[in-house]
Amino acid sequence: MSAPVLDALEALESESIHIFREVAGEFDRPVILFSGGKDSTLLVHLAVKAFAPAPVPFPLLHVDTGHNYSEVIDFRDSLVARLGLRLEVANVQDWIDDGRLTERPDGTRNPLQTVPLLDSIVEGRYDAVFGGGRRDEERARAKERILSLRDAFGRWDPRSQRPELWNLYNGRHAPGEHVRVFPISNWTELDVWRYIQRENIELPSIYYSHQREVFQRDGMWLAEGPWGGARGTETLELRTVRYRTVGDGSCTGAIESSASTLDEIIAEVTASRLTERGATRADDRLSEAAMEDRKREGYF
Amino acid sequence: MKDLLRFATAGSVDDGKSTLVGRLLYDTKSVLADQIEAVQRASVDKDSPDLSLLVDGLRAEREQGITIDVAYRYFSTPTREFVLADTPGHVQYTRNTVTGASTAELAVLLVDARHGVVEQTRRHAAVLALLRVPRLVLCINKIDLVGYDQAELEAIGKDFAGLARSLGFSDDAVVTIPVSALVGDNVVDRSEHTPWYDGPTLLGHLESVPVTPPEAGAPFRMPVQYVIRPPRGIDARSADAPRSDYRGYAGQVASGTVRPGDEVVVLPGGTRTTVESVDTADGPLDTAGAGRSITILLADDIDISRGDVLASAAQPPTVTNELDATLCWLSDKPLRPGARLLLKHGTRTTQVIVGALGDRLDTDTVAYVDAPQTLTINDIARVSLRTADPLPVDDYADIRATGSFLLIDPPTGNTLAAGLVGSPLTLAP
């Protein structure tokens, strides 16, 4: 008698766990990029399952733009404390204060994360950096490997990627180079939500419907914060919203939604006519190849 | 619950593969409004969006109008989720087809109805047969351009069936579907123009084909990835703390099934022991099958580390330093006999010396020809190898996971070749 066939979520979970264990077995200093968003929270959940009952054998790294929602930072800190993990925070503000980075005229700090990320990788001597990127998110990411080599400058060269065969991952790299690892490459947004429901994974409250003062810009609902607020004819109004992605406050929009449970969110995502990045990320709307260009420079 | 089908597409230039993939995504409503708008902006004809633009994602691909690299696409229907490896047809076709096929349970091969089975079809089919993709679908595309001519299309199907048979595919592993990706005939919706065709639509077939991999019924194999040993003394007071002697061997079941009480052998060492428990973070399992990530606890205290393989004691793999294998050479750097490289098999990487080169597969004629002096990119050839560490291997034809390996270039770390133990492509005379 053979074992039952895995369902889609079980198959994806097993694949991700396999990737975590491969990297733990072959690399000296892995680190998980953790923002407190749903994808990186899923990563941490999968890492815990990969090594249970032992603790996760690597730390977390958050590149904090300083433009985060307080609910997300609180969630981040309580998760880290509950799981007994080690968290390093690279504050973009520190790089701005000492002149290594300059604030952009538009106030957006999302692209500014690349330098603190690369500096932190060098400083921590990390050789494997886990990220929550998914291939269904964006067209350049569709071409990304699960283990993806970065040169000493953190650059991604999509034209010279190693072929990735079977589940044999080749993580060899020279000193100074590192490998980005994407354990949830094959998950879709809906898979993530269905798994969060199945596993009862806690998320920051801003993913669920709530009342917030927002203003409209380029078809997105933005909140006021340290990154700025309504300008000119833009006016603040109280709306019932939730966040579909969590990123830098200056360029991450909320969507109008009354979905306050996972069932309602799954129904909403299923029926959505827009991709999560198209709906909520100003940075990806810049050009046809905005993500590819950022990734080439070392972005995650 | 939905299950998951991983499949690959292959076809030559201008067979309309990107359009077919775009059609599958579009007609299964997997493409959302902002993606359609982006495609419409980029299409020459604004009224009928160029569906191939949904697929070609890199700047260079859009600029040159070609697909460079394997791209992964995702869609789902109410009954099944799909992971599609979309492999480009022309540049480095062996490299891309081998990559896409290596994880596929099914491959969709395209031909142009006006041209039928061509050289490129034979090449792709040979690579898919070599990689032992369990199931094949031939889509005869652009049937609108031949006036939906039954005799013509059935002749192509018959031609292909002969090719598939000569490559070792059984008749029930191959399905032929006449489609028009551009118009949508028989992709998701049944065509009015082919009343004589009584088979499934492409999506109908993808939704109903069994997903059980051939490895499910093979003997048990599991390469050990990592040894899980919780630090002693931590949380010892807690009721759910792991026992202090917990020592689990973490891995993903490569083939067969494992359950508590099974007798297993640890290879290459050869020690036999019994499975005490099949553990997961969610608790122990009664049985675990191919593809499941688990942690095995054994009855005896044995020295086991990453790189070892746990296998069925009754039907173990062969442990050897000498491999007869087939290589798909994927690198611009040529291979010469005597080369010293690295070989990655399962979770073990060891040194390897390349011995004599054997017959080369001529993919144009699909026949083995005389041994070459060197292997160059896209070559497929038999080879003998000698490894520093003994490896527990199976014939690739029997168990893909323990019959496959990579060859790696020591100075650059680049992947040079996909290796298959034995000679998995058997050509009918």
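Biologist: In what order do the six strands of the open sheet in chain B run?
Modeller: In this predicted model, the order is 2-3-1-4-5-6, with mixed pairing.

Biologist: Which are the edge strands?
Modeller: Strand 2 (71-76) and strand 6 (174-178) of chain B, each of which pairs on one side only. On average, neighbouring strands of this sheet are turned by 25 degrees against each other, ignoring direction.

Biologist: Strand 1 and strand 3 of chain B, in which sense do they pair?
Modeller: Parallel, over seven bridges, between residues 3-11 and residues 80-86 of chain B. Within strand 3 of chain B, B:E81 is the residue opposite B:L4.

Biologist: What does helix 5 of chain B lie across?
Modeller: Helix 5 (residues 119-130) lies across strand 1, strand 4 (106-112) and strand 5 (135-141) of chain B. Its angle to strand 4 of chain B is about 175 degrees.

Biologist: Over to chain A. At what angle do helix 2 and helix 6 pack?
Modeller: About 50 degrees, and the axes of helix 2 (residues 38-51) and helix 6 (residues 189-199) of chain A are 11 Å apart. Because of that angle, helix 2 of chain A counts as oblique to helix 6 of chain A. Their crossing is left-handed.

Biologist: Which residues meet there?
Modeller: A:K38, A:D39, A:L42 and A:H45 from helix 2 of chain A meet A:V192, A:Y195, A:I196 and A:E199 from helix 6 of chain A. Four residues of this contact are nonpolar, one is polar and three are charged.

Biologist: And how many residues does the contact take from each chain?
Modeller: 48 residues from chain A and 60 residues from chain B. On the chain B side, 28 are nonpolar, 19 polar and 13 charged.

Methods:
Residues numbered from 1 in each chain as written. Chains lettered and ligands numbered in written order. Predicted model: local features only at pLDDT ≥ 70, side-chain atom pairs only at ≥ 80, totals over all residues. Contact = placed C-beta atoms within 7 Å. Nonpolar A, V, L, I, M, F, W, Y, C, P; charged D, E, K, R; others polar. Axes fitted to C-alpha atoms, helices over the stretch in contact; angles between N-to-C directions. Helix = DSSP H or I, 4+ residues; strand = E, 2+ residues; numbered from the N terminus. Parallel < 35°, antiparallel > 145°, perpendicular 65-115°, else oblique. Left-handed = near helix turned anticlockwise from the far one by under 90°. Pairing = 2+ DSSP bridges.
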